[in-house]
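User: I've got this one open and want a quick tour. Can we go through it piece by piece?
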Amino acid sequence: MNFFLEVFTGGLLAGVMYSLVAIGFVLIYKASGVFNFAQGSMVLFAALTFVSLVERGIPFWGAFAITLITMAVLAWLIEVLVLRQLVNRSPITLFMATLGLSYIVEGLAQAVWGAQVHALDIGINDEPYEVFGILLSQFDLFAAGIAGGLVALLGFLFNKTRIGISLRAVADDQLAALAVGIKLQRLWLIVWAVAGFVGLVAGILWGARVGVQFSLSLIVLKALPVLIIGGFTSIEGAIVGGLIVGASEKLAEVFIGPLIGGGIENWFPYVLAMLFLLVRPYGLFGDKAIERV
Amino acid sequence: MLYKESGQFVTTYRFDKRFFRLKQERLAFALLLAFAFLVVPSIGNDYWFSAILIPFLVLSLAGLGLNLLTGYAGQLSLGSAAFMAVGAFATYNFNLRIEGLPLIISLILGGLTAGGVGLVFGLPSLRIKGFYLIVSTLAAQFFVQWVFTNFTWFSNNSSSGVITAPPLHVFGSDFNSPVGRYLLTLTVVVALGLLAKTIVSGELGRKWMAVRDMDTAAAVIGISVPKTKLLAFAISSFYLGIAGALWAFTYLGTVEPHGFDLTRSFQILFIIIIGGMGSILGNFLGAAFIVLFPILLSNLSSGLFAGAIDPGQLENFQKMIFGALIIFFLIKEPNGLAKVWQTVKQRLRVWPLRF
Amino acid sequence: MTNATQLLRLDGISLSFKGVKAITDISFSVKKGEICALIGPNGAGKSSLLNVINGVYQADEGQIVYKGNARKNMHPQWAARRGVARTFQNIALFKGMSVLDNVLTGTNLKVKSSWIEQVFNVGRAPADAPQQRQKAEQVIAFLKLQPWRNSIVGNLPYGLQKRVELARALAAEPELLLLDEPMAGMNAEEKAEMSRFIVETRQEFGTTIVLIEHDIGVVMSLSDHVVVLDYGKKIGDGTPDEVRVNPEVLAAYLGTKH
């Protein structure tokens, strides 16, 4: 039983990381109706920039700030060069554009900072920690704490401020939002920059754990089932979805994996997401749209 | 006035439906085929066959497969490589395990197996729409790759799932030389290309496009949307399956499951974005671009900069250029190179006038 | 009150969206061969009712009797197979296809051959294709769409698109034709032309037509039977002359005190 709980909580904590990445998607999806496949490469870009700056002797917060500015500039470029040109196009077209974007950002990140793996030490040791007889990773707990704080911050930002109200208006009806004077392009810029910030935090946490390397960009593939389960439009959904995927993936890997040859964590979340879709085609927290004809 | 259509009257419905309505187009197509089948084999060298023409043809076919699903039926897929893998491994196993089965039959059975698998992963499309569907196709991508890596029965217990091409004999002729492999591939691709053209210009093609453009309206005029979608998945996967088998056997010779990873799926998607969604010709243009562009780029860099750029960096640049091109095409020419070609044709029709 | 001339009857249809009632307990019947107009202010539930008739929406309560078959829930395909065709308020054409192809899709239920037969042009396919094409050409000629036969529908002006949508519906040789605001956004000339097409359709093919229209002048001159809705309820039902003098209808349109 203890072993089960350990696997379960370990999975939940890993799931927090998935949630963190998924939140970046939800923000962008709500603001611009884009499923941003490039979110993973933004995580990579942020983490690579940050770690390369730290390696060049710039202190933590300095590197953090510079990276943040870089991400904002990147967001601005994306807004001007890509999104603005594709207003009113189909969601599938926008999705494919972000696929192209992911190639550019990945290529750029590696062209500038090189392709080697960087170790990143943020001063948290990974000694297990005992709580009620269950061993928990200290690092995971720390990451979960950061993610929780970030979620609270974003919750405040998008519920209590003007930006939040604008965001909800745009998510509801872009044209109507434009009509009441919401500056769509400024909002896009803010949201993409915030997504860049979330990407940076996620990148630092993931990078500290597995090293900053190309595979960071593949997080996008983990976040997708999380979004499907939670629904594309809900931050709560992203969190719950992340926890579900994290926990069930670990449990499946440990308990079902050995029976069928292992290595199932690549596809298991997808099969899980598909099962969810069959029951709830719009995700746990997603809005069910009534189709008007 | 080469491209003149006056004086060519269509007098029956059957004639109006022909692939190429104009005499000039029919002549050009016949010349192209004659050139590809008769002239190229005698002037091409092994490098051209193995490194350019065969991958070009196979990727065209794969693009065609995805285009039927995405460009015509409007169902986005990120799992093309999975269906290619199924086709390759199924063909390999039919050929291996059934004594004396002709290669062509193995190939068709391999394609049909891929079609069946495609149908299964298409089932969720009956309930979910838009890019929710990419989950199903990504599930196919990861699951299929896992199966072929983990269960070595499929690769006759070879290590890490590598399969090797059987000797290529068709109707008693030997197709193992580069030029033989080229001709074999060309024949399959031309036959399936013409078949696809027939499908998309007929009733089924219209149903696909109807579902793509507006599925509610399609249901209201009596089209069975589920059946239409599933047929798109099955036929698309059949094409991808054949392409996968050719990729393994006439192009590479040996292939491992990793050769059909997500990157390959993206590559196929890029072919249809650049070439043109909802166009048969577009797949060939897109594939030609995708095959030739990296070669051009590396030649350019070794020529201009005399190898000053290291290969890793070159790959990064290539990635960035590809990404930028995708976005460029989506913004400026959503119908891809096929549309560019059409515009050129339109110009030719009125030449020497401007409009 | 079933009789031989009755083609369609709605019995106590109610429909709501997320708890908001769109249609409340509506019943009326449509005789074979008549032109029946649904009128009422915006948001009265006319389009929703049309959507219920051919199963795009499912009613919460009530039943639909079509050609003597009573059904609680219609399904679009079931309706199509039994001769119901329609057009939509916001034009639901296949925008990437040519006019001819759009009209050809309308004939899809008449096709007997399977797709395999069609691909290899064997079996029943060689007979199907010319028949389909002939029907499509007939309709194209009827609605005078010949000049645009090979134009992509998405590039055509609005009025023409409305006509193409009618053509697609007619290609199915429907018994019951549902038209959702066929003249919306048209000028007087185009309206007159469309009215003529509608009348000719009934004359030529004996089609029963249920239509929604805002232009009262057009409605009164075109239809045999008018059903008036307001806030999802039926407030009038009868010949144009009867409806014209119905006090409730007048109140709804002129805003007299209830």
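User: Which residue is the bridge partner of Ile35(C) in strand 8 of chain C?
Analyst: Ile209(C) is the bridge partner of Ile35(C). This is a predicted model: local features need pLDDT of at least 70, side-chain atom pairs count only at pLDDT 80 or more, and totals for chains, interfaces and linings use all residues. Residues are numbered from 1 along each chain as its sequence is written, while chains are lettered from A and ligands numbered from 1 in the order in which they are written.

User: How are you picking strands and pairs?
Analyst: Helices (H or I, at least four residues) and strands (E, at least two) are DSSP runs, numbered from the N terminus. Two strands pair if DSSP finds at least two bridges between them.

User: OK. Is Ile209(C) buried or exposed?
Analyst: Ile209(C) is buried, because 23 other C-beta atoms lie within 10 Å. Buried takes 20 or more other C-beta atoms within 10 Å of the residue's own, exposed 12 or fewer, and partly exposed is in between; C-beta atoms are placed from the backbone.

User: What does Ile209(C) touch?
Analyst: Leaving out residues up to four places away in sequence, Ile209(C) touches Ile35(C), Cys36(C), Leu177(C), Leu179(C), Ile198(C) and Arg202(C). Contact is C-beta atoms within 7 Å, again placed from the backbone.

User: And how far is Ile209(C) from Gly106(C)?
Analyst: Their C-alpha atoms are separated by 17 Å, and the two residues are 103 apart along the chain.

User: What about the rest of strand 8 of chain C, which way do its residues point?
Analyst: Thr208(C), Val210(C) and Ile212(C) point one way, Ile209(C) and Leu211(C) the other way. In a regular strand the side chains alternate between the two faces of the sheet. Here 5 of the 5 residues of strand 8 are buried, so that strand is largely enclosed by the rest of the structure.

User: Which strands does strand 8 of chain C pair with?
Analyst: Strand 3 (residues 35-39) of chain C joins strand 8 (residues 208-212) through 4 bridges, running parallel. Strand 7 (residues 176-180) of chain C also runs parallel to strand 8, with 5 bridges. Ile212(C) is the bridge partner of Leu38(C), and Asp180(C) stands opposite Ile212(C) too.

User: What's the strand order in that sheet?
Analyst: 6-7-8-3-9-10 in chain C: an open sheet of 6 strands with mixed pairing. Strand 6 (84-86) and strand 10 (233-238) stand at the edges with a single partner strand each, so one side of each has no neighbour in the sheet. Neighbouring strands are turned by 15 degrees against each other on average, direction ignored. Axes are lines fitted to C-alpha atoms, for helices over the stretch in contact, and angles run from 0 to 180 degrees between N-to-C directions.

User: Switching to chain A. How do helix 2 and helix 3 pack?
Analyst: Helix 2 (residues 39-55) and helix 3 (residues 60-81) of chain A pack at about 145 degrees, axes 9 Å apart. The contact residues divide into 9 nonpolar, 3 polar and no charged. Nonpolar means Ala, Val, Leu, Ile, Met, Phe, Trp, Tyr, Cys and Pro; charged means Asp, Glu, Lys and Arg; the others, Gly among them, are polar.

User: How many residues of helix 2 of chain A are buried?
Analyst: 15 of the 17, so helix 2 of chain A is largely enclosed by the rest of the structure. Just after helix 2, Gly57(A) takes a positive phi of about 90 degrees.

User: Last topic. How many residues of chain A are in contact with chain B?
Analyst: 38 residues of chain A, against 33 residues of chain B. Helix 4 of chain A gives the most to the chain A side, with 16 residues. By class, that side has 28 nonpolar, 8 polar and 2 charged residues.

How values were computed
Contact = placed C-beta atoms within 7 Å.
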